[in-house]
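Good morning, and thank you for coming. Please look at the structure on the screen while I describe it.

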Amino acid sequence: MILSNTEIVRCLSEGSFSINPLAHSDPTKSPFNTSAVDLRLGNEILAPEDESPVQLDLSKSGIATFLAKHSKPHIITKQQPYSLGKGKLILAKTLESVSFPIVKEKICYGARVEGKSSLARCGILVHFTAPTIHVGFEGTVTLEIMNFGVNDFLLTPEMFICQLIIEEVKGSPVDAPNQFKGQNSPAGVV
């Protein structure tokens, strides 16, 4: 079941999950939509290097470390945004940190990250795979942002970049291993 804006605010106030920093808790104003909450772009971006003379092999572990090693980090500001060129991919993270705790014998929540239609109309794909934020996750949300548009696109910190759709999870989950739990960089390196 997808939570409405009023349910999201109720659950936030009860501590069922958290989204920080959140400007306010008025469900009738931005960043809330009727059934989602918008998240903003953080200031850290990783741009994979074009010159990397390797092939990725996902059957081997260490993809997050590889990406961190073979990507150029950028810190963006409102005065110095990042220009995402046509056909280019970057990894970024949200400004907000989210937490969806596992609480035994209580209702737990998970979420999905989805792009925003305003960006999609410009050819910007914000999160094109694995949109699920599992129960037990805590940290910023990593975004794979790609420009499929015909123009370069400026990425500015604190711009609304994606939306979080929060769902009630049926049953009591048990903790399971996850390589991205507690991630603190766009590449997912803990």
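In which loop does Pro21 lie? Pro21 is found in the loop between strand E1 (18-20) and E2. Strands here are DSSP runs of E with at least two residues, helices are runs of H or I with at least four residues, and both are numbered from the N terminus.

Before I continue, a word on the source. This is a predicted model, in which local features need pLDDT of at least 70, side-chain atom pairs count only at pLDDT 80 or more, and totals for chains, interfaces and linings use all residues. Residues are numbered from 1 along each chain as its sequence is written, and side-chain values use heavy atoms, with hydrogens and water left out.

The peptide bond from Asn20 to Pro21 is cis, with omega near -5 degrees. Another cis peptide bond, with omega about 20 degrees, joins Ser30 and Pro31, and Pro31 also has its place in the loop between E1 and E2. Most residues other than glycine have a negative phi, and most peptide bonds are trans. Glu105, in the loop between E5 and E6, has a positive phi near 60 degrees. Glu158, in the loop between E10 and E11, has a positive phi near 75 degrees.

Let us turn to the overall fold. The protein has three helices and 11 strands. Glu105 counts as exposed because its relative accessible area is 77%, whereas Glu158, at 42%, is partly exposed.

What of the interior? A nonpolar core is a set of buried Ala, Val, Leu, Ile, Met, Phe, Trp, Tyr and Cys residues joined through side-chain atoms within 4.5 Å. The largest one has 38 residues, and those with the most contacts inside it include Ile145 and Leu164. Among the elements that give two or more residues to this core are helix H1 (5-14), strand E2 (37-48) and strand E11 (160-169). E2 gives the most, with five residues. In soluble globular proteins, nonpolar side chains tend to be buried together.

Finally, the cysteines. Cys11 is buried, because its relative accessible area is 0%; Cys162 is likewise buried at 0%. With a disulfide defined as a pair of cysteine sulfur atoms within 2.5 Å, the count comes to zero.

Key:
Buried < 20%, exposed > 50% of the residue type's maximum accessible area, 1.4 Å probe, protein only.
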